[in-house]
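This report describes a single protein chain, from its overall layout down to individual residues. The sequence and the coordinates are shown first.

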Amino acid sequence: MITWLYPERCPVCMQIVTPKGAMVHPECKSKLNSIKEPVCYKCGIPLSSEDEEYCTVCSCKNNRGWDQGRSIFPYHGSVGNALRLVKKDGRVEFVRFFAKQIKEKQQAFILRMAPSCIVPVPLHPSKQRL
């Protein structure tokens with residue numbers, strides 16, 4: 001009943017997903033560009049060379065409020081737009097998609113780190129709408 005009232009939407013094109021039960025249109029899957037190695041050891045953003053361990057920001061800042069972070073997709077493009085909709089507008093229709101992608105793409109990292117919790121990066125207060 002819930003899926004009838006709130007059908008799954010594709011995080012790439014924002015349209016209702018067909019075939020039923022899928023999370024992304026088959027033709028939109030090729031547009032899902034996940035972050036690939038090498039990545040910054042601290043924040044997980046892509047690096048230009050395997051010789052680097054840290055991005056320029058993390059190599060300059062010793063103190064961050066967390067140990068390590070990872071992302072599955074860049075924060076630009078259509079998938080970044082879906083993530084911004086979740087964070088800024090509370091649009092939860094893409095949360096299941098992102099959770100599944102985190103499990104699939106970062107499972108080895110999560111098991112290796114054995115974190116006590118996993119938290120999303122909150123929206124900066126200056127970007128929140130009142």
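## Model and conventions

The structure is a predicted model, in which local features need pLDDT of at least 70 and side-chain atom pairs count only at pLDDT 80 or more, while totals for chains, interfaces and linings use all residues. Residues are numbered from 1 along each chain as its sequence is written, and side-chain values use heavy atoms, with hydrogens and water left out.

## Secondary structure and overall dimensions

The protein chain contains 4 helices and 0 strands, where helices (H or I, at least four residues) and strands (E, at least two) are DSSP runs numbered from the N terminus. The order of elements from the N terminus is α-α-α-α. Along the principal axes, the C-alpha atoms occupy a box of roughly 50 × 35 × 30 Å.

A contact is defined by heavy atoms within 4.5 Å. Of the contacts between residues at least 6 apart in sequence, 45% join residues at least 24 apart.

## Burial, surface and charge

Burial is assigned by relative accessible area: under 20% is buried, over 50% is exposed, and values in between are partly exposed (1.4 Å probe, protein chains only). By this criterion, 29% of the 130 residues of the protein chain count as buried. The chain exposes about 9,800 Å², of which carbon and sulfur atoms supply 56%. These areas come from the Shrake-Rupley method with a 1.4 Å probe, and for residues only the protein chains shown count as cover.

The chain carries 20 positive and 11 negative side chains, and the centres of the two sets lie 8 Å apart. Lys and Arg count as positive and Asp and Glu as negative, whereas His and the chain ends are not counted. Each charge is placed at NZ of Lys, CZ of Arg, CG of Asp or CD of Glu.

## The largest pocket

Rolling a probe the size of a water molecule over the atoms shows where empty space is left. On a 1 Å grid over the protein atoms alone, a pocket is an open set of points with protein on both sides within 12 Å along at least five of seven lines, and lining residues have an atom within 4 Å of a point. Grid points are joined across faces, edges and corners, and a volume is the space filled by probe spheres set on the points.

The largest pocket holds about 1,800 Å³ of space. Its lining comprises 42 residues, with Arg-70, Ser-71, Val-119, Pro-120 and Val-121 lying nearest the centre. Both α3 (77-89) and α4 (95-113) supply at least two lining residues each. The largest share, 8 residues, comes from α4.

## Backbone geometry

Two cis peptide bonds are described here. One runs from Thr-18 to Pro-19, with omega near 5°, and Pro-19 lies in the loop between α1 (2-5) and α2 (56-60). The other runs from Glu-37 to Pro-38, with omega near 0°; Pro-38 is also found in the loop between α1 and α2.

Positive phi values occur at residues other than glycine. Met-14, in the loop between α1 and α2, has a phi of about 70° and is buried at a relative accessible area of 19%. Ala-114, in the segment after α4, has a phi near 45° and counts as exposed at 59% relative accessibility.

Ser-78 lies in helix α3 and is partly exposed, with a relative accessible area of 27%. Leaving out residues up to four places away in sequence, Ser-78 touches Pro-11, Val-12 and Met-14. The C-alpha atoms of Ser-78 and Val-24 are 12 Å apart in space, for a sequence separation of 54 residues.

Which residues does Ile-72 contact, beyond its neighbours within four places in sequence? They are Ser-34, Ile-35, Phe-98, Gln-101, Ile-102, Lys-105 and Gln-106. Ile-72 lies in the loop between α2 and α3 and is buried because its relative accessible area is 10%. Its C-alpha atom is separated by 9.4 Å from that of Ile-45, 27 residues apart along the chain.

Leu-47, in the loop between α1 and α2, is buried with a relative accessible area of 11%. Not counting residues up to four places away in sequence, Leu-47 touches Pro-38, Val-39, Cys-40, Glu-52, Glu-53, Tyr-54 and Cys-55. The C-alpha atoms of Leu-47 and Lys-87 are separated by 25 Å, at 40 residues apart along the chain.

Key:
On a 1 Å grid over the protein atoms alone, a cavity is a set of points where a 1.4 Å probe fits but cannot get out, and a pocket is an open set with protein on both sides within 12 Å along at least five of seven lines; lining residues have an atom within 4 Å of a point.
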